[in-house]
Amino acid sequence: MNTLPNGVHHIPGALDQDAQEALLEAIRAMVSEAPLFVPTMPRTGKPMSVRMTNCGPLGWLTDKEGGYRYQATHPETGRPWPAIPPALLAVWEKFAGYPHPPEACLVNYYDHTAKMGLHQDRDEREFAAPVVSVSLGDACLFRVGGRSRSGKTVSFRLESGDVVVLGGEGRMSFHGVDRIYPGSSTLLRNGGRINLTLRRVNPPNPG
Ligand code: SIN
Ligand code: FE2
């Protein structure tokens, strides 16, 4: 049993098989409207290994010219991002413990070779809200630490249907994905892993 950093919660099996399949259908519909794109690193333009898209009023992206940011439109189609599926809003309501809806849902697709380097989610303006993420498809090895990059980290497997919450003291925890376990789930016909990350970007309007 791993002891997780304060404010980091892992909820194994938060979504059962039916819920995972229903969510996947909603994601497929969304991705046909807002295709996956290859994000590139600020300045260097080096491509990330994941492919990404978003749903919600705002989407997170990165490219060589503009760097890390939120914007209301898809970088290639120029259209607004599709709405966050109700099933995902329900996950937020159940696990976020925050009284306002998420504004952004980042969709990351990992093929069997993709990874995500250790990073903090820090492009938002509202840190009172947690980050809530849902995993679908192949399992991954997830790594999470504290607020300093050099601090100690713990690693554990995230399986399809698991939820992770980074909230409170854990909101700024460094985290990343070291590897995918190919063939560990049959949910995605062609394999790979989808991670859905729900975030609040702006503080709620006063009043
Ligand atoms: C992320 O931090 O953007 C993704 C985390 C994950 O894939 O579980
Ligand atoms: Fe992240």
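**View 1. Angles around the iron ion (ligand 2).** Four donor atoms surround the iron ion (ligand 2) at angles of 89 to 175°, so the arrangement is irregular. Donors here are N, O and S atoms within 2.8 Å of the metal (3.2 Å for Na, K and Ca), and because water is not among the atoms, sites may look incomplete. Four donors count as tetrahedral if all angles lie between 85 and 135 degrees; four count as square planar and six as octahedral if opposite donors are over 155 degrees apart and all others between 65 and 115; anything else is irregular. This is a predicted model, where local features need pLDDT of at least 70 and side-chain atom pairs count only at pLDDT 80 or more, while totals for chains, interfaces and linings use all residues. Residues are numbered from 1 along each chain as its sequence is written, and side-chain values use heavy atoms, without hydrogens and water.

**View 2. The protein donors of the iron ion (ligand 2).** Meet H119 (NE2), D121 (OD) and H175 (NE2), which lie 2.1 to 2.2 Å from the iron ion. Their spacing in sequence is H-x1-D-x53-H. H119 sits in strand 6 (residues 116-119) and H175 in strand 11 (residues 175-181), so the pair ties together parts 56 residues apart in sequence. Strands (E, at least two residues) are DSSP runs, numbered from the N terminus. H119 is partly exposed at 22% relative accessible area, whereas H175 is buried at 8%. Buried means under 20%, exposed over 50%, and partly exposed in between (1.4 Å probe, protein chains only).

**View 3. The cysteines C55 and C105.** The sulfur of C55 is 3.9 Å from its closest cysteine sulfur, in C105, too far for a bond. A disulfide needs a pair of cysteine sulfur atoms within 2.5 Å, and the structure holds zero of them. C55 is buried at 0% relative accessibility, and C105 is buried with a relative accessible area of 0%.

Note on methods
Chains are lettered from A and ligands numbered from 1 in the order in which they are written. Helices (H or I, at least four residues) and strands (E, at least two) are DSSP runs, numbered from the N terminus.
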